[in-house]
Amino acid sequence: MKIENIKIFADGADLKSINELNKNPIISGFTTNPTLMRAAGVTNYKEFAQRVLNHIDDKPISFEVFADDISEMKKQAIEIASWADNVNVKIPITNTKQESTVDLITELTKEGITCNVTAIFTIDQVKKL
C-alpha cells in the first residue's frame, strides 16, 4: 500500500481547530455536520460555513444538508454547493423514513455538485450509485 493513496479528512466544527489542522500537510480536507456544529455552539449554520470558507479555500470541505424531506434536501444541497468551489455536499443515503436518496445524489452529481454520501449500509445501495 502506498501512503500517497490515503487521504485524511478532519471532522469537526471548531474554527480554531480547523485552522490549526489546515496547517498540517497530511490533512487533505475537512468535513462537518449539524450535530457537530450544535455541540460546538454554532447557532448559524451558513454564517459558520462562510467563516470556515474564508480560511479554507484550497482543500475540499463537506457541509451536510439537514433537511429530511428529499425535495428540501435538494434545495439545501444547491444552496450549500453555491457557497464555494471547494464545497462538497454531504447527503445521507436514506432519510429518517428510510427513503433512498440515490436519485437525488445522481441528479445533483449530474448538475456538477460534488456529493459526499454518508452511511452506506448495503451492497445494493452501493450498486444503485
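This is a predicted model: local features need pLDDT of at least 70, side-chain atom pairs count only at pLDDT 80 or more; totals for chains, interfaces and linings use all residues.
**Salt bridges**

The count of salt bridges in the model comes to seven, and three of them are set out below with the separation of nitrogen and oxygen.

| Lys | Glu | N to O distance |
|---|---|---|
| K23 | E20 | 3.1 Å |
| K90 | E64 | 4.0 Å |
| K74 | E107 | 2.2 Å |

The side chains of K90 and E64 meet in a salt bridge, and because K90 lies in strand β4 while E64 lies in strand β3 (residues 61-64), this pair ties together parts that are 26 residues apart in sequence. K90 has a relative accessible area of 7% and is therefore buried, and E64, at 17%, also counts as buried, the cut-off for this class being under 20%.

A salt bridge likewise joins the side chains of K74 and E107; K74 belongs to helix α4 (residues 70-81) and E107 to helix α5, so that parts 33 residues apart in sequence are tied together by the pair. K74 counts as partly exposed at 25% relative accessibility, and E107 is partly exposed with a relative accessible area of 33%. These two residues are also linked with E111 in a network of salt bridges.

In the pair formed by K23 and E20, K23 is exposed, its relative accessible area being 61%, whereas E20, with 47%, is partly exposed.

**The surroundings of N95**

N95 is placed in the loop between β4 (87-92) and α5 (102-110), and its relative accessibility of 3% is why N95 counts as buried. A polar atom of the N95 side chain lies 3.0 Å from the backbone oxygen of D68. When neighbours within four places in sequence are left aside, the contacts of N95 are D68, I70, M73 and T101.

S28 is located in strand β2 (residues 27-31) and, with 23% relative accessibility, counts as partly exposed. Apart from neighbours within four places in sequence, S28 is in contact with K7, I8, F9, K59 and P60.

I8, one of the residues in contact with S28, is found in strand β1 (residues 8-11) and counts as partly exposed at 37% relative accessibility. Together with I6 and I26, I8 makes a nonpolar surface patch of about 250 Å².

Terms used. Residues are numbered from 1 along each chain as its sequence is written. Side-chain values use heavy atoms; hydrogens and water are left out. Helices (H or I, at least four residues) and strands (E, at least two) are DSSP runs, numbered from the N terminus. Buried means under 20% relative accessible area, exposed over 50%, partly exposed in between (1.4 Å probe, protein chains only). A polar contact is a pair of N or O atoms within 3.5 Å; within protein, one must be able to donate a hydrogen and the other to accept it, and residues adjacent in sequence count only if both atoms are side-chain atoms. Contact means heavy atoms within 4.5 Å. Patches are made of residues with over 30% relative accessible area and no salt bridge: like charges are joined within 9 Å, nonpolar side chains (Val, Leu, Ile, Met, Phe, Trp, Tyr) within 5 Å. Accessible areas come from the Shrake-Rupley method with a 1.4 Å probe; for residues, only the protein chains shown count as cover.
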